[in-house]
Amino acid sequence: MQAVQSYIKKNQKRFLNELLDLLRIPSVSADPKYKKDVLKTAKAVADHLKKAGAKKVEVCKTAGYPIVYGEKLIDKNLPTVLVYGHYDVQPPDPLELWDSPPFEPVIKKTKGHPKGAIFARGACDDKGQVFMHIKAFEAMMAEDSLPCNVKFMIEGEEEVGSENLGIFCKANKKRLACDVVLVSDTSIIANNVPSVTTGLRGLSYVEVEVTGANRDLHSGVYGGAVANPINILAKMIASMHDKNGRISIPGFYDDVERVSKKERTKMNEAPFSLTKYKRDLKIKDVEGEKGYTTLERTSIRPTLDVNGIWGGYIGEGAKTVLPSKAFAKISMRLVPNQDPDKITNLFSRHFKSIAPDSVKVEVRPHHGGHAAVTPTDTPEYKAAEMALKKTFKKEVIPQRSGGSIPIVALFEKVLGVKSILMGFGLDSDDIHSPNEHYGVFNYYRGIETIPYFYQYYTELKK
Ligand code: BES
Ligand code: MN
Ligand code: MN
């Protein structure tokens with residue numbers, strides 16, 4: 001292990017520069033105008049894997065963006081770790097809010113990152129974190145110290161729902177056979193408070209369309225007599241939470257996992273300062289479901305949020321118009337035992353039932369996924385805990401996250417294995433936002449920690 005760690009130290013600068021090059025390719029999966037660049041990124045990831053020592057490296061075609069696969073099998077009697085991550089990124093919009101261009105990475109000092117952070121779209125989510133795995137693997141290979149078998153599966157459609165990865169997994173069960181999936185696509189509590197993510201929320205995502213009259217109308221001539229779909233949509237959305245912050249869709253909470261008092265108490269012992277939280281977000285107060293703390297609201301409780309709403313005139317100046325249509329994109333974060341399809345149906349039925357006769361409504365489901373939980377009494381959890389403890393020299397805290405990686409539940413269903421969510425980001429890294437960044441400290445700490453995970457996991461599986 002000493003040799004692996006000194007190899008990492010010696011090559012730090014190059015590891016950083018190689019990541020910067022990868023971040024220069026705009027691999028935005030949601031927008032077809034970036035298609036060439038997404039494909040170029042897949043090829044770059046494959047080349048890095050090859051150079052690091054992976055065998056059977058392949059850029060696997062799918063109906064959408066390719067999945068990069070590679071492996072190094074050393075002994076079939078040793079355990080196999082499947083590393084999963086994604087090379088696609090979120091759109092960089094709104095561009096004008098970036099302090100430096102999203103695909104021209106720069107390293108700058110910023111709050112919480114005394115060693116500086118890499119500012120670029122995908123720096124933390126997830127190219128930076130995927131690259132830690134490739135570099136850790138390179139180091140273990142270079143020093144002839146890989147303790148077990150490893151497979152890599154890096155996809156290009158995580159940010160758009162991973163639909164083709166689901167199909168790929170079902171079709172490649174043998175090739176993907178493994179003992180555990182290792183994912184770095186989440187965060188730690190703080191740079192001096194290491195944690196392992198033990199839960200992810202599920203997701204149901206819909207788009208709604210409310211139509212009033214068959215065309216836009218003069219808001220003076222018709223206003224007051226014909227339904228305004230924007231007014232109505234706003235009212236319908238407002239009615240979806242009651243005064244206690246609970247979601248008012250009938251049946252929405254039926255399957256919600258009940259978390260014991262004991263577990264909730266434990267959960268709330270994790271280091272968290274509401275004052276700091278509010279200060280950081282420049283808000284006077286938080287909001288949410290009555291009876292639950294902020295940590296609980298963002299982990300064990302489901303949500304309903306409007307992600308975007310539009311319609312009518314939004315150009316310069318004033319235009320007096322009674323719009324014909326209004327739209328919204330709505331996401332519901334789900335917790336264990338809630339079924340995304342069932343929730344989508346409940347939403348759809350409810351949304352239609354509360355619409356007045358003056359409008360027509362349509363609900364279009366998008367992607368979704370189940371929540372996931374990671375048990376803490378397994379060799380893989382222990383290995384992650386030991387690895388983080390080794391490099392951070394601090395106690396490791398299990399914490400459920402509010403985010404979603406829908407494919408994790410599918411890994412369990414299709415491949416029959418649990419995932420370990422050992423991410424190294426911070427919640428304040430502004431993923432999906434302007435000025436996304438990833439700490440240089442976090443990047444290096446990830447590369448140093450991963451080889452320990454392999455080592456401890458292999459030992460514990462003996
Ligand atoms: N890496 C994130 C998920 C995440 C972020 C988990 C932070 C825990 C902490 C992932 O890339 C993501 O953005 N997922 C989407 C869902 C997906 C279906 C678009 C999400 O959570 O909104
Ligand atoms: Mn991600
Ligand atoms: Mn993401």
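Trainee: How do β3 and β7 pair, parallel or antiparallel?
Mentor: Parallel: strand β3 (residues 80-86) and β7 are joined over four bridges. Bear in mind that this is a predicted model.

Trainee: Ok, and which residue in β7 is the bridge partner of V81?
Mentor: V180 is the bridge partner of V81.

Trainee: What about the pairing of β7 with β17?
Mentor: β7 pairs in the parallel sense with strand β17 (residues 419-421) too, over three bridges. In that pairing, V181 has S419 as its bridge partner.

Trainee: Which way do the residues of β7 point?
Mentor: Strand β7 covers residues 180-183; V180 and L182 point one way, while V181 and V183 point the other way. In a regular strand, side chains alternate between the two faces of the sheet.

Trainee: And are those four buried or exposed?
Mentor: All of them are buried.

Trainee: Switching topic. What's the strand order in the open sheet with β11 in it?
Mentor: The order is β11-β13-β9-β14, four strands with antiparallel pairing. The edge strands are β11 (303-311) and β14 (360-369), each of which pairs on one side only. From one strand to the next, the twist averages 15°.

Trainee: How many bridges join β11 to β13?
Mentor: Eight, with β11 and strand β13 (residues 325-334) running antiparallel. To find your place on screen, look for I309, which stands opposite A328 in β13.

Trainee: Which helices sit on that sheet?
Mentor: Helix α5 (residues 229-238) lies across β9 (202-211), β11, β13 and β14, and runs at about 15° to β13. Helix α9 (residues 340-353) packs on the sheet as well, touching β9, β11, β13 and β14. The direction of α9 makes about 25° with that of β9.

Trainee: What lines the largest cavity?
Mentor: A372, V373, T374, V408, E412, K418, S419 and L421 do. β15 (372-373), α11 and β17 are the elements that give two or more residues to that lining. By type, the lining has four nonpolar, two polar and two charged residues.

Trainee: Last one, K56. Where does K56 lie?
Mentor: In strand β1 (residues 55-60).

Trainee: Why does K56 count as exposed?
Mentor: Because its relative accessibility is 62%, and exposed means over 50%.

Trainee: What does K56 touch, leaving out residues up to four places away in sequence?
Mentor: K56 touches Y69, G70 and E71. Taking E71, that residue is 15 residues from K56 in sequence, but the two are 6.3 Å apart in space, C-alpha to C-alpha.

Terms used
Residues numbered from 1 in each chain as written. Chains lettered and ligands numbered in written order. Predicted model: local features only at pLDDT ≥ 70, side-chain atom pairs only at ≥ 80, totals over all residues. Heavy atoms only, no water. Buried < 20%, exposed > 50% of the residue type's maximum accessible area, 1.4 Å probe, protein only. Pairing = 2+ DSSP bridges. Axes fitted to C-alpha atoms, helices over the stretch in contact; angles between N-to-C directions. Contact = heavy atoms within 4.5 Å. 1 Å grid on protein atoms, 1.4 Å probe; cavity = no way out; pocket = protein on both sides within 12 Å on 5 of 7 lines; lining within 4 Å. Nonpolar A, V, L, I, M, F, W, Y, C, P; charged D, E, K, R; others polar.
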